[in-house]
Amino acid sequence: MRSTKPYMSLPYNPELKERAKALRRAGNLAEVLLWNQIKNKQLMELDFDRQKIIGNYIVDFYCAQKSVVIEIDGSSHDYKADYDAQRDAFLIGLGLLVIHISDYDVKQNLSGVMIFLQNHSVLSTLSLKSE
């Protein structure tokens with residue numbers, strides 16, 4: 001478990017723990033492909049968590065150092081615009097930046113997605129938000 005202030009200060013619903021574990025085990029293809037590119041600090045030495053519980057939500061990827069959430073939007077997000085907007089508003093209210101990447105882009109243009117993330121203004125800044 002991380003000991004950074006941004007990580008520890010986030011709201012956490014322990015009732016989602018088993019669901020988050022199940023999502024990590026199951027993993028959809030796009031999430032697995034992106035995870036293989038960002039795990040173990042492969043992306044600019046940033047530490048990401050997969051299927052992180054934040055409040056009553058489980059986000060795809062979370063980086064405490066930069067207060068960033070990455071969401072892979074695939075068909076499971078179809079017809080869930082209101083839910084996604086509510087989740088995003090909650091996360092933004094916590095001071096987090098939410099980056100949405102389409103499932104299609106990860107599957108069809110992973111190198112382009114990685115370039116996008118490497119060049120993202122928040123991810124590429126030198127200062128770390130961890131304490």
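**Note on the predicted model: sheet, cores and ring cluster**

1. Parallel pair. E3 and E4 pair in the parallel sense over 6 bridges. Strands count as paired if DSSP finds at least two bridges between them. In this pair, Ile70 has Ile99 of E4 as its bridge partner.

2. Basis. This is a predicted model; local features need pLDDT of at least 70, side-chain atom pairs count only at pLDDT 80 or more, and totals for chains, interfaces and linings use all residues. Residues are numbered from 1 along each chain as its sequence is written, and side-chain values use heavy atoms, with hydrogens and water left out.

3. Overall make-up. The protein chain has 7 helices and 4 strands. Both are DSSP runs numbered from the N terminus: helices are H or I with at least four residues, strands are E with at least two. Along the sequence the pattern reads α-α-α-β-β-β-α-β-α-α-α.

4. Sheet. The 4 strands form an open sheet in the order E1-E2-E3-E4, with mixed pairing. Strand E1 (48–54) and E4 are the edges, and each pairs on one side only. From one strand to the next, the twist averages 40 degrees. Axes are lines fitted to C-alpha atoms, for helices over the stretch in contact; angles run from 0 to 180 degrees between N-to-C directions.

5. Hairpin. E1 and E2 pair in the antiparallel sense over 6 bridges. Lys52 has Val59 of E2 as its bridge partner. The two strands form a hairpin with 2 residues between them, and Gly55 in the turn has a positive phi of about 65 degrees.

6. Burial of E1. Buried means under 20% relative accessible area, exposed over 50%, and partly exposed in between (1.4 Å probe, protein chains only). For the protein chain, buried residues make up 43% of the 131 residues.

7. Helices on the sheet. Helix H2 (residues 17–26) lies across E1 and E2, at about 150 degrees to E1. H3 packs on the sheet and touches E1, E2 and E3; the direction of H3 makes about 125 degrees with that of E1.

8. Cores. The largest nonpolar core has 20 residues; Leu34, Phe48, Ile70 and Leu117 have the most contacts inside it. Such a core is a set of buried Ala, Val, Leu, Ile, Met, Phe, Trp, Tyr and Cys residues joined through side-chain atoms within 4.5 Å. Two or more residues come from each of helix H3 (29–38), strand E2 (57–63), strand E3 (68–73), strand E4 (97–102) and helix H6 (110–119). A second, separate core of 9 residues includes Leu10, Ile54, Tyr62 and Val69.

9. Ring pairs. There are 3 aromatic pairs. Rings of Phe, Tyr and Trp (its six-membered ring) pair if their centres lie within 6.5 Å; planes under 30 degrees apart are stacked, over 60 edge-to-face, the rest tilted. Tyr57 and Phe90 have ring centres 5.5 Å apart and planes at 45 degrees, so this pair is tilted. Tyr57 lies in strand E2 and Phe90 in helix H4 (residues 81–93), so the pair ties together parts 33 residues apart in sequence. Tyr57 counts as buried at 10% relative accessibility; Phe90 is partly exposed at 30%. Ring pairs link Tyr57, Tyr83 and Phe90 into a cluster.

10. Contacts. Among contacts between residues at least 6 apart in sequence, 64% join residues at least 24 apart. A contact means heavy atoms within 4.5 Å.
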